[in-house]
Amino acid sequence: MKITQLLTEDTILLDLQSTSKQAVLSELIGQLDRAGKLSDKNQFENDILAREAQSTTGIGDGIAIPHAKSAAVKSPAIAFGRSNAGIDYQALDGQPSHLFFMIAASEGANDAHLEALSRLATFLMDDKFRTDIMAANSKDDVLVAVAKKELAEGGEEEYREELETTSPSASAKKILAVTACPTGIAHTYMAAEKLNGRAKEMGISLKVETNGSSGVKNRLTDAEIAEADAIIVAADTKVEMARFNGKPVIQTKVGKAIYETDDLLNRAVGGDAPVYTHDRSKDEAAGTDTKSGFYKHLMNGVSNMLPFVVGGGILIAISFFWGINASNPDSPEYNQFAAMLSTIGGGNAFFLMVPVLAGFIAMSIAERPGFAPGMIGGLIAITVTGVEGASGGSGFLGGLIAGFLAGYVTLLVKKIFSGLPNSLEGLKPVLFFPVFSIAITGIIMMLVNPQLTKIYTAISAFLESLGGTNLVLVGLLLGGMMAIDMGGPINKAAYTFGIAMLDAQNFNFMATVMAAGMVPPIGMALATTFFKNKFTRPEREAGKTAYVLGACFITEGVIPFAAADPARVIPACVAGAATTGALVMLFDISLRAPHGGVFVMGLVDGGITSILMYALAIIVGAIVTAIVAGLLKKKVAVAV
């Protein structure tokens with residue numbers, strides 16, 4: 001597929017009116033929408049902003065390539081905008097951006113579409129091509145420049161062959177590389193192009209594997225890996241690393257392969273690469289920190305459980321608009337629609353919450369064979385109580401234990417049956433694994449769940465008995481936990497605790513963690529507004545985005561500030577979030593919705609007074625964060 005089939009006259013803006021990053025994104029999104037390329041403009045904008053929150057798409061050399069793969073895209077398209085004056089886009093090289101190519105990829109985009117989109121990213125590495133685009137006097141000139149470049153590159157097949165391997169004059173060293181970015185559309189292929197181009201000029205034998213949206217291309221073979229002298233892994237997302245065990249490997253971010261290409265190649269050729277040792281107990285992600293196996297398994301369960309929690313919780317909360325007893329047929333408040341919402345949310349979505357948690361924890365540990373025993377173990381946790389009056393069983397606690405139990409039981413079963421003859425291999429996943437894993441997990445859970453139920457009931461009763469100062473201290477602690485690592489393990493632990501208390505019908509804790517999680521980004525956004533001389537211009541621009549992210553309960557919106565100045569930003573965020581947590585508990589505010597930020601504040605129990613008090617708690621905490629940050633941070637040398 002040609003790029004000019006995706007970049008058309010009705011998606012080109014030769015003279016952008018925008019003067020800021022946010023405005024550029026909105027202007028290009030508007031052009032795509034007017035061209036009929038989007039089904040949901042707001043959703044696509046959210047997806048674009050989510051990609052920008054991961055890392056800037058201003059790649060330098062005057063270029064920005066905002067992109068997203070979104071269900072809101074009707075058909076893949078490219079929007080182009082040009083600013084002769086240049087716009088501060090927070091580019092990697094710190095310089096203004098002039099050329100903006102917004103890539104809109106649909107979730108069902110085929111390989112031909114994705115390869116065309118990615119090919120454009122590589123064309124932009126050519127100085128002459130960029131010059132031609134800047135000099136274009138009309139939309140036709142832009143399209144002609146793109147068409148000429150495609151023709152010069154020899155077409156799609158020739159381009160793919162060029163990426164496979166270089167043809168150096170001579171080199172004693174054989175170097176391999178892998179490139180990958182979160183969306184796999186732009187940076188992945190730009191890094192590959194830059195590595196290949198510089199390797200040719202330096203006479204280095206190089207092959208690059210790209211992990212893009214359309215899959216892995218130019219995959220490195222076992223023989224090539226065995227013969228390689230060094231391997232460069234430039235990735236911002238997970239890649240397959242076990243195959244590199246025992247080889248010299250340089251792990252870095254994909255952006256560095258674009259702007260520190262010579263350094264990476266020289267290190268690889270010069271033998272400056274540590275020997276990589278594969279650790280199967282850790283979840284590897286090239287260019288990111290590894291996390292412990294326990295945390296990975298837990299988060300796999302929690303992340304897959306969240307749709308049930310969020311959807312069910314919000315539906316239950318909405319049902320209360322007709323009255324607190326609107327779902328009870330014997331109540332004068334009874335409303336059939338409210339009863340339907342309550343049944344869907346509480347009777348079904350919430351009922352599946354714990355089994356799904358356990359199932360996906362077990363699946364993370366033992367892969368697909370662990371899923372069924374995990375689900376069964378989680379179901380037993382909430383249905384087999386053995387304790388009078390404890391209708392919910394061991395709840396969240398039992399689900400966690402069932403998930404890990406099922407996972408490791410399945411691993412044991414797989415090991416026991418590993419010696420079976422090959423003729424019985426097909427029976428393992430459909431007969432031996434499920435029968436024995438479900439039986440062993442189920443029997444153990446049937447035996448231990450009554451005791452787990454007693455423990456869970458006691459914990460819930462203790463928390464419900466807290467009041468006054470004790471409850472405020474709990475809110476203070478939970479609030480601080482939500483802010484200290486901005487979406488990391490401590491934040492997730494506090495949020496998971498709030499979800500567990502939803503299952504126990506205690507809604508104060510959910511209100512506390514959500515309010516506290518909103519404070520850090522909103523607080524830092526306020527700081528950039530009222531203490532402008534303490535922040536650079538890119539930080540002030542990031543502050544505008546942080547307002548939106550904070551309002552949506554996306555604590556990670558504060559990460560850019562924390563990464564730049566953790567010693568001052570983290571204490572400020574913790575102070576504000578802890579203040580909010582304490583106030584929510586002090587005001588005795590309850591919230592049944594487990595996500596949604598300001599958009600679910602209307603679901604706070606207690607009417608308009610409680611809603612206002614909840615908003616007050618968030619505002620006060622955000623102000624505390626802003627003031628503390630303003631006092632702690634130093635003035636920037638030049639507030640540009």
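These legends describe views of a predicted model of one protein chain.

View 1. The chain has 640 residues, and 51% of them count as buried. Its accessible surface comes to about 27000 Å². Carbon and sulfur atoms hold 59% of that surface. Now take the contacts with a separation of 6 or more. Residues 24 or more positions apart account for 72% of these.

**View 2. Strand 7, residues 174-180, and its cover.** This strand is mostly covered. Six of its seven residues are buried. In a regular strand, side chains alternate between the two faces of the sheet.

**View 3. Strand 7 beside strand 8, residues 205-212.** The two strands run parallel. Seven bridges join them. Look for Thr179, which stands opposite Thr210 in strand 8.

**View 4. Strand 7 beside strand 10, residues 230-235.** This pairing is also parallel and spans six bridges. Here Ala177 stands opposite Ile232 in strand 10. Strand 7 therefore pairs with both strand 8 and strand 10.

**View 5. Lys21 in helix 1, residues 21-34.** Lys21 has 9% relative accessibility, so it counts as buried. The cut-off for buried is under 20%. The side chain of Lys21 makes a polar contact with the side chain of Glu52, at 2.9 Å. Set aside the neighbours within four places in sequence. Lys21 is then in contact with Glu52, Thr56, Ile87, Asp88, Tyr89, Gln90 and Glu541.

Conventions:
Residues numbered from 1 in each chain as written. Predicted model: local features only at pLDDT ≥ 70, side-chain atom pairs only at ≥ 80, totals over all residues. Heavy atoms only, no water. Buried < 20%, exposed > 50% of the residue type's maximum accessible area, 1.4 Å probe, protein only. Helix = DSSP H or I, 4+ residues; strand = E, 2+ residues; numbered from the N terminus. Contact = heavy atoms within 4.5 Å. Areas by Shrake-Rupley, 256 points an atom, 1.4 Å probe, with all protein chains shown as cover. Polar contact = N/O pair within 3.5 Å; in protein donor to acceptor, adjacent residues only side chain to side chain.
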